[in-house]
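Work through the exercises below with the sequence and the model side by side, and try each task before reading its solution.

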Amino acid sequence: MALRFYNTLTQKVEEFAPADGRTVRMYTCGPTVWNFVHVGNLRTFTFQDLLRRWLRARGWALDHVMNLTDVDDRIIREAAAAGKSIYDYTGPYTQAFLDDAATLRLERPERLVKATDHIPEMVEAIRGLGEKGFTYESEGSIYFSVARFPDYGKLSHSDFGGMKAGARVDTDRYDKTDARDFALWKARKEGEHSWDSPIGAGRPGWHIECSVMSMKYLGETLDIHAGGVDLTFPHHENEIAQSEALTGKPFARFWLHSEHLMLGEEVMSKSLGNFYTLRDLIGMGYTPEAIRYLLASVPYRKQLNFTFDGLKAAATAIERLRNFEWRLKNEKFAGGDDQALAARAARALRKFDESLDDDLNTAQALAAVFEYVRDANTAMDAGVFGAANRDRALELVDRFDSVFDVLRPAAMLDHKTVAPGAGRVTITGYAPEVSISDHQTAISDQEIERLVAGRSAARQARDFKRADQIRAELAGRGVILEDTREGIRWKRK
Ligand SMILES: [Zn+2]
């Protein structure tokens, strides 16, 4: 079965291939850099990271554009309250987002673009819409006339037929009951940041920026447009209206939307005040790997209930896989090859691939891996795991980690940039504010034993650099090693 996704536009699961048969041209709505992102936002970005990795695993090249919204109602309000320019206000939050993304091992898209770098192109698009008769002016602001675009509502599958023509909204975010003509260009207000332009002094609305930046870099019809489900209406509906009114062509072939992260009964959100940032969770002692695993473990179109038990279970799952990988790499296995087990490894690998091909069903992919790990551990304990079984098992572990990327302990990585595109991500470190060694003190005995064993194996292999790294990691987490005549002893500080 080929790779397929649920397409919000058609409400069907459809086979996916890029239009040119080679490169996936993908646009994802990035963060509004008015504050720290929370883990609800990061669920969406983690989904997009898995999507990137799996598209590449299936042989496609990627051209992925993500925007950074660095001007909108909230930014203008908060910057003014702080007595700063919007640039001084958004700069640190932009950097914080990039750091958080690197901490969660999210690959950097091929292009990250800022709204404020594209104001002339937005003005041009608004003028183009005006020439085609889709806009009108009121008190210096320019609105998109929804009544002129009969397809309005085709993404959110809503019938806006009864909508009153000419009724307008000025805010960027509103719900379906407020479906109205929306602002493309907002007239300058006293004390607000604005740009002078041929269409008057003002600033762009939120929606036009995504239409303009996506089409500038990716062409008039994108292969994939993705975002959180809360963006379906009005944001993505408005993007379609603007773009298709301008070009007369379909704006995006596939629309992928990830579901909410729930905290109890409610959606995790800034406006409700019920949220955790990545920094909060790391400060509480949870590792980035556990957070990433939890966010990735539930298929993106299902709601995910965020709980601390869930985070602990994620840490345990990672531990099981690390232990398994450690056994594969360090234990001695009798010769031969258990045929039944070899067949099970092949089946697990096939099921892993098929599950991700099936609209990124991560839960099923993980089930395939864990089922095999259980069987293989049992075979190792019984002494029937053959040396030749090891290669297939390692292949499965590598396949898993090329997508989920949680096996390398964060504290051992030492750079900070996530390279775009090719191969495995290299991450290297943390936001300066986050000191992992201060936070990761809650290390289990099992984890210590694993690291100590890993250090011994490294020393035996004369890999002293690695051995020293492990010692340093343990020290950073409050564990001291002593080399004694009986072997290595460890104690907590
Ligand atoms: Zn957008």
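**Exercise 1: a glycine in a helix**

Gly310 is buried, its relative accessible area being 18%, where buried means under 20% relative accessible area, exposed over 50% and partly exposed in between, with a 1.4 Å probe and protein chains only. The model is predicted, so local features need pLDDT of at least 70 and side-chain atom pairs count only at pLDDT 80 or more, while totals for chains, interfaces and linings use all residues. Residues are numbered from 1 along each chain as its sequence is written, and side-chain values use heavy atoms, with hydrogens and water left out.

Task: find the helix in which Gly310 lies.

Solution: Gly310 lies in helix α9, residues 308-330; helices (H or I, at least four residues) and strands (E, at least two) are DSSP runs, numbered from the N terminus. The C-alpha atom of Gly310 is separated by 6.8 Å from that of Leu294, which is 16 residues apart from Gly310 along the chain.

**Exercise 2: the zinc ion**

Task: identify which residues coordinate the zinc ion.

Solution: Begin with the donors, which are N, O and S atoms within 2.8 Å of the metal (3.2 Å for Na, K and Ca); water is not among the atoms, so sites may look incomplete. Cys29 (SG), Cys210 (SG), His235 (NE2) and Glu239 (OE) coordinate the zinc ion at 2.0 to 2.7 Å.
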